[in-house]
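Q: I am new to this structure and would like to learn how to read it. Could you take me through it feature by feature?

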Number of protein chains: 2
Amino acid sequence: MGTVMKKFINSYENMISEMLNGFAKANAELVERPFERVLIRKGSPTKGKVGLVTGGGSGHKPALIGYLGKGMMDAVAVGNIFAAPGVQNCMDAIRMADGGAGVLVCIGNYSGDLMNFGMAIDMLADEGIKAEMVIVNDDVASSPVTAMENRRGVAGEIILWKVLGYLADTGADLETMKRVGDQVVFNTRSLGVAHTPCIMPSSGKPSFEIADDEMEIGVGHHGEPGIERVKMMKANEITDIIMEKVLADLPFKKGDEVSVIINGLGSTSLLELYIIYARVQELLEQHGITVYKPWVGEFFTSMEMGGFSITLTKLDETMKQGVDHPIGAIHFPN
Amino acid sequence: MGTVMKKFINSYENMISEMLNGFAKANAELVERPFERVLIRKGSPTKGKVGLVTGGGSGHKPALIGYLGKGMMDAVAVGNIFAAPGVQNCMDAIRMADGGAGVLVCIGNYSGDLMNFGMAIDMLADEGIKAEMVIVNDDVASSPVTAMENRRGVAGEIILWKVLGYLADTGADLETMKRVGDQVVFNTRSLGVAHTPCIMPSSGKPSFEIADDEMEIGVGHHGEPGIERVKMMKANEITDIIMEKVLADLPFKKGDEVSVIINGLGSTSLLELYIIYARVQELLEQHGITVYKPWVGEFFTSMEMGGFSITLTKLDETMKQGVDHPIGAIHFPN
């Protein structure tokens, strides 16, 4: 007892393949699986449309593959649990998304993903495929604002995909999309808190250690260390702490219109997330900031980690149109 | 240490009210909250359409309120955690859903819910509101097939709501909807397994006790005892056991077309659910049974309980049209 992993898998070696098999079968009307570790929106590429690609480690479901579909992602390269996809997978994903207008790769700021997608883009240039990258670094806990380039990407990737999906669908060119994408990333700030780690399927060990009465602010969704360990407190108290840090970071200010993502990290219930949202909206109203669109749910998890993150994006007119654009993604609401 | 509850709430007393407040604010385009414990689809009632009402205890999010919206529920009466809504709430929900063509109350087979909705229906008859009930009893673990009337309702409620939503939208009358609804319930069989309880916010105690290497087949989503306690095993092994019991119960047989719900009970990841789905589809193919529509995700939870359930419904032509009918529910995919 005590060492048995409470997960429904058959083997660590086959779990990603089996999951992708189940996903592709269950969503056969919307996706195809042209390669073992690459899934595409059915019908991708669309001629003349800039292709949208993401990729990264597994274990964050519904991210990344749940965002495939009309108005969001065209192709996803899938890595092992918390590990970058291979260069070949990155190349295949980009190729499958290229409809002749180039491809924008939108990924979180993690060294493995950057390296492998970077190599893929370089090699595909020889084939005449033009690809650019937008790197998401929305996690305010992971580095000071003076060194934003070192920050990790977390749930803020979602709003980027949503806005770029709109631009791609409405015929924007690669250069425009890269420019707007970078602006969305700059306008997006996230911070999370976790009280319970996930269990790593490779080892059966927790992704981080924490006491029975503590939580950690800013812990990454692969268990990376955060900025402060605190005692459990009331929902409104921890929400206030997180919101103070997020609001100060851009900074967000009176008159801003924002999108809000309240993201459950795995085992935190939707019931709790809506309690948190009630407080977030109250705080934003106090600051004279308008919620243009909220999303509350599990959008970017760390398997069964307990905790949540808050993502705010300051929206301009283009971004608001992106938010409103109808989509057909598998695990994101229309 | 050890006695601090790791939940994001402010107080047990206010948690449902705060959650409903957050939910109503976040989804203000789709729902209204005319009473403290009653939420309605915005615009309900629709004149001449049979109203659809559900209700029950909280802690099952996205059920029940996440199914409000076009093509699904018109009104929901909300109870405390795992507790029936009050009679007044049931009456208010039914009244708010009545567009003159009567109301169908679709609830799980739990004594408190039956009693309170039953009293509400009786009292509203005096006001001239006609309401009927469809009682969902899809959990094959909770009583032998020879005493189906004693079975609990679990995730099978969702397919009922989906089919009835279609009928209501297309002008069916109350009598027809009651008859089809009872048939959907009869055609629907579910079974779950759980390895980790949720923590009750009232007491800080787990909803059931279980060893570190065990899981329980058939445990209810309020922690009701199941039928068998087994050691943790491979995903395919436990899926095979569950499917054997579910398939034998109706029984499902060669040539049948079914909908499938793979439902995460709270902390079980979507990654695991898709591994399970891959095996379910394989088994159905072996039996000559066709999957008309699968849904994989968290649809009816028990807060952060760890485990999953499988729901099969044998579909006829009307039910298939119900499955295909476009909807605008808040937490259910279109």
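**Domains, chains and local features**

A: The C-alpha centres of domain 1 and domain 2 of chain A lie 23 Å apart. Domain 1 covers 15–187 and domain 2 covers 188–315, with bounds that come from an automatic or database domain assignment. This is a predicted model, in which local features need pLDDT of at least 70 and side-chain atom pairs count only at pLDDT 80 or more, while totals for chains, interfaces and linings use all residues. Residues are numbered from 1 along each chain as its sequence is written, and chains are lettered from A and ligands numbered from 1 in the order in which they are written.

Q: How many residues of domain 1 of chain A are in contact with domain 2 of chain A?

A: Two residues are in contact if their C-beta atoms, placed from the backbone, lie within 7 Å. Here 23 residues of domain 1 of chain A are in contact with 32 residues of domain 2 of chain A. On the domain 1 side, the elements that give two or more residues are α4 (157–169) and α5 (174–186) of chain A. Helices (H or I, at least four residues) and strands (E, at least two) are DSSP runs, numbered from the N terminus. By class, that side has 14 nonpolar, five polar and four charged residues; Ala, Val, Leu, Ile, Met, Phe, Trp, Tyr, Cys and Pro count as nonpolar, Asp, Glu, Lys and Arg as charged, and the others, Gly among them, as polar.

Q: In what order do the strands of the open sheet in chain A run?

A: Two strands pair if DSSP finds at least two bridges between them. Six strands of chain A form an open sheet with mixed pairing, in the order β1-β2-β5-β3-β6-β7. β1 (31–35) and β7 (131–136) of chain A stand at the edges with a single partner strand each, so one side of each is left without a neighbour in the sheet. β1(A) pairs with β2 (residues 38–41) of chain A in the antiparallel sense over three bridges.

Q: Which strands of chain A does α5(A) lie across?

A: Axes are lines fitted to C-alpha atoms, for helices over the stretch in contact, and angles run from 0 to 180 degrees between N-to-C directions. α5(A) lies across β6 and β7 of chain A, at about 5° to β7(A). α4(A) lies across β3 (51–58), β6 (103–108) and β7 of chain A, at about 170° to β6(A).

Q: How is chain A related to chain B?

A: Two copies of a chain are related by a rotation about an axis and a shift along it. Copies are superposed by least squares on the C-alpha atoms of residues with pLDDT of at least 70 in both. Chain A can be laid on chain B with an RMSD of 0.0 Å by a turn of 180° and a shift of 0.0 Å along the axis. That is the relation of a two-fold axis. In chain A, the C-alpha nearest the axis belongs to Ser267(A), 2.1 Å from it.

Q: Which element gives the most to the side of chain A that touches chain B?

A: In total, 51 residues of chain A are in contact with 51 residues of chain B. α7(A) gives the most to the chain A side, with nine residues.

Q: Is Phe82(A) buried or exposed?

A: A residue is buried if 20 or more other C-beta atoms, placed from the backbone, lie within 10 Å of its own, exposed if 12 or fewer, and partly exposed in between. Phe82(A) is buried, with 23 other C-beta atoms within 10 Å. The phi of Phe82(A) is near 55°, a positive value in a residue other than glycine.
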